[in-house]
Every structure is written in C-alpha cells, then in structure tokens.
Amino acid sequence: MTTHASSSAPSAASAAGVSVPDTKLATAATELVRDTVGELIYHHSRRVFWFGSLQGGRRGLSFDPELLYIGAMFHDLGLGERFRDSGRRFEVDSADEARGFLRGHGVPEDSVRRVWTAIALHTTPGIPEFMEPEVSLVTAGVEYDVLGIGYDDLTAADRAEVTALHPRPEFKRRILEAFTEGIAAKPETTFGNVKADVLEHFIPGYERGDFVEVIQNSPWAE
C-alpha cells in the first residue's frame, strides 16, 4: 500500500538491510508513538518492525512494509495509563488507536482491517501465522523480541545492528513491569490469554479465570 508521498525528513533509519518506510504516514506514526509512550515501548515497537521484516524476508513473504510498520508501532499503545479503565483487552485498545489513526489519514479500509487484526491478535499464538503477511509478521516480530521464538533464524550480525539502533537494556524485567502496570487495573481482560501469566506472577492474590468452572457454573441446567 506504500503510496503516500515521501516525507521531507532525513533518510529513514536502516539496519540489517531493512529501512523504515520513508513516507508521511510512517513519519506521522513515529511522531505520535514517540510522543505517547516511553522509550521502552518505543524501542521495542521499532524492533518488532525490524524483526518482523527480517522474518518476512526469510519466509519469502510479500508484505506491505508501511502497514507492518504501523502495526508494530501501535501494538502496545493500549498499555498506556489512559486505557486502564477501558475494560477491554489492551490489544483491542491498541488496535482501535491504529484504526483511528489510519482512517484519519485516508487509508483504505482493507489496509485498516489488516493492521487492526495484526495488533488485536499479536498475543494470540497459533492463529496469526495463517493470516495475511502483515498480520503474521507483527506477531513474528513480537515473538522474536519478547519470547525469543526463532532466535537463531536471524544472524547475530543482524540482531546486533537492530539492537544497536534500538537497545534493550534489562528488557525482560522492564517489559514484564510494563505489561503488569498496563493490565493490573483490568484483570478480567486476561481471561483465556497469555497475560494471565503476567498477573499470576506479579499481582498478589490474583486468580486467573477458569474456563471449566465457567461452563460448569453457567445458568444451563445441563
């Protein structure tokens, strides 16, 4: 979809043979996210774009770098303080922010849908990999940076270039803190997803929902 006019900003950042799309839309997304989140999430989101792109190249996927970039940059916005009383999964809050941004820039609805889906499903393993490349690669980038899934798929040199541009000091501890802070106020949104593990580890007294008990205690007689 990369049809937006090139920005007048300096050349886009490059590492490991991958460059940030040099478009007005990508520049606007960068500025919005950088003004909205702290450096932890900013650097993580940029790495997600690089690692997703590199995995896409390795897998021979044809994808829109601009849409992948928007998905990567917005995927954790919903962890922010202003969303903590939304009552919704942070992934949905993040996806809705991206949708509003894209619609505000006149992006076609099919592209908006891809980005929304990529963000909404990025913590739901086993599904994105079978969807459009932009959807699967946002998840691939997140899984690479946060979980180390496919770590040896990429070269040490490529990893070094990306992390030199966007460092990850004490990342494991700090990203877990960010997850905890972002979802602790709405623990019900972790039912059935991986973030329940975060609260179980770090919030005293938290009890995860039990799917079997929900069925057994439903209002149905049988």
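Predicted model: local features only at pLDDT ≥ 70, side-chain atom pairs only at ≥ 80, totals over all residues.
Residues are numbered from 1 along each chain as its sequence is written, and side-chain values use heavy atoms, with hydrogens and water left out.

**Exercise 1. Determine how H4 and H5 are oriented to each other, and list the residues that meet.**

Step 1. Helices (H or I, at least four residues) and strands (E, at least two) are DSSP runs, numbered from the N terminus; here helix H4 covers residues 90–104 and helix H5 residues 109–120.

Step 2. Axes are lines fitted to C-alpha atoms, for helices over the stretch in contact, and angles run from 0 to 180 degrees between N-to-C directions. The axes of H4 and H5 come within 8 Å and cross at roughly 160°.

Step 3. Angles under 35 degrees count as roughly parallel, over 145 as roughly antiparallel, 65 to 115 as roughly perpendicular and the rest as oblique. H4 and H5 are therefore roughly antiparallel to each other.

Step 4. A crossing is left-handed if the near helix is turned anticlockwise from the far one by less than a right angle, and right-handed if clockwise; that of H4 and H5 is right-handed.

Step 5. With contact taken as heavy atoms within 4.5 Å, H4 contributes Glu91, Val92, Ser94, Ala95, Asp96, Ala98, Arg99, Leu102 and Arg103, which meet Glu109, Val112, Val115, Trp116, Ile119 and Ala120 of H5. Sorted by class, the contact of H4 with H5 holds nine nonpolar, one polar and five charged residues, where Ala, Val, Leu, Ile, Met, Phe, Trp, Tyr, Cys and Pro count as nonpolar, Asp, Glu, Lys and Arg as charged, and the others, Gly among them, as polar.

**Exercise 2. Work out how H3 packs on H5.**

Step 1. H3 and H5 pack at an angle of about 40°, and their axes are 9 Å apart.

Step 2. H3 and H5 are therefore oblique to each other, and H3 passes H5 in a right-handed crossing.

Step 3. On the H3 side the contact has Leu67, Ile70, Gly71 and Phe74, and these meet Ser111, Arg114, Val115 and Ile119 in H5. The residues of this contact of H3 with H5 divide into five nonpolar, two polar and one charged.

**Exercise 3. Describe the largest nonpolar core and the surroundings of Ile70.**

Step 1. A nonpolar core is a set of buried Ala, Val, Leu, Ile, Met, Phe, Trp, Tyr and Cys residues joined through side-chain atoms within 4.5 Å, and buried means under 20% relative accessible area, exposed over 50%, and partly exposed in between (1.4 Å probe, protein chains only).

Step 2. The largest such core has 54 residues, and those with the most contacts inside it are Phe49, Ile70, Phe74 and Leu102.

Step 3. At least two residues of this core come from each of helix H1 (24–36), H2, H3, H4, H5, helix H6 (133–147), helix H8 (171–183) and helix H9 (195–202); the largest share, eight residues, is supplied by H2.

Step 4. Residues up to four places away in sequence not counted, Ile70 touches Leu25, Ala26, Ala29, Phe101, Leu102 and Val115.
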